[in-house]
Amino acid sequence: MPDTEMIALAFEIQVYTALLLKFYNNSLEGRLRARGLAISALQHSILRMLEHETLTISEISKRLGLEPSTVLRSLDALERKGLALRGRDARDRRRNPLHVTDEGRRFLAEVPVIAADDPALLALRHIGPEAGGRLRDLLKEFILQSPDGQVVVPQMEALKQQQEK
């Protein structure tokens with residue numbers, strides 16, 4: 001395939017994945033607002049990550065592909081709301097591990113990541129589990145080719161296994 005066609009294809013994939021993320025985030029933020037919970041989809045994602053493991057701002061920013069300053073602003077808001085807490089690493093004073101508070105865990109229990117009426121879940125039901133599995137596998141393969149993919153995909157696989165326990 002000529003480079004011009006590959007560039008056009010890459011652009012289409014970029015647009016479709018951005019739209020998919022927007023659909024997920026809009027649905028989640030709607031569920032959060034409906035329950036009177038004033039946090040963003042990004043803050044919710046950070047809490048979900050911390051629900052299963054202790055991470056630093058650097059680790060979260062790498063996994064999400066965001067600048068540490070963006071993650072820091074979200075974390076500051078979560079701390080002000082009493083949902084997350086920065087700790088201290090006794091072995092490395094420069095490292096500040098992040099934790100979900102008990103209030104944060106209660107908060108997460110109130111809002112599912114994906115609801116039964118989520119547009120993305122409805123679309124997945126429409127294409128079926130086999131096509132959905134192929135889509136997931138293609139996205140994973142695609143992400144593995146990115147600079148951080150070799151780190152992020154194994155972390156996601158480990159998290160998935162942890163959640164299944």
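**Notes on helix packing and the core**

1. Let's start with α2 and α5, which pack at an angle of about 115 degrees with their axes 10 Å apart. Axes here are lines fitted to C-alpha atoms, for helices over the stretch in contact, and angles run from 0 to 180 degrees between N-to-C directions. The two helices are therefore roughly perpendicular to each other (65 to 115 degrees counts as such). On the α2 side, H44, L47, R48, L50 and E51 make the contact, and they meet R105, F107 and L108 of α5; contact means heavy atoms within 4.5 Å. Helices (H or I, at least four residues) and strands (E, at least two) are DSSP runs, numbered from the N terminus.

2. A word on the basis of all this: the model is predicted, so local features need pLDDT of at least 70 and side-chain atom pairs count only at pLDDT 80 or more, while totals for chains, interfaces and linings use all residues. Residues are numbered from 1 along each chain as its sequence is written, and side-chain values use heavy atoms, with hydrogens and water left out.

3. Which residues of α5 are buried? They are G104, F107 and L108, where buried means under 20% relative accessible area and exposed over 50% (1.4 Å probe, protein chains only). These residues cover an arc of only 100 degrees around the axis, which puts them on the same side of α5; the arc is that of the directions from the helix axis to the C-beta atoms. D102 and A109, on the other side of α5, are exposed. The cover over the buried residues includes α1, α2 and β2.

4. Now the largest nonpolar core, which has 22 residues; L32, I39, L47, L50, I60, L78 and F107 touch the most other members. Such a core is a set of buried Ala, Val, Leu, Ile, Met, Phe, Trp, Tyr and Cys residues joined through side-chain atoms within 4.5 Å. At least two residues each come from α1 (3-34), α2 (41-52), α3 (57-64), α4 (68-80), β2 (98-100) and α5 (102-110). The largest share, five residues, is from α2.

5. L50 is worth a look in your viewer. Leaving aside its neighbours within four places in sequence, L50 is in contact with L55, I60, L98, H99, V100 and R105.

6. Finally, the axes of α3 and α4 come within 9 Å and cross at roughly 115 degrees. That makes α3 roughly perpendicular to α4. I57, I60 and S61 in α3 meet P68, V71, L72 and L75 in α4.

Conventions:
Angles under 35 degrees count as roughly parallel, over 145 as roughly antiparallel, 65 to 115 as roughly perpendicular and the rest as oblique.
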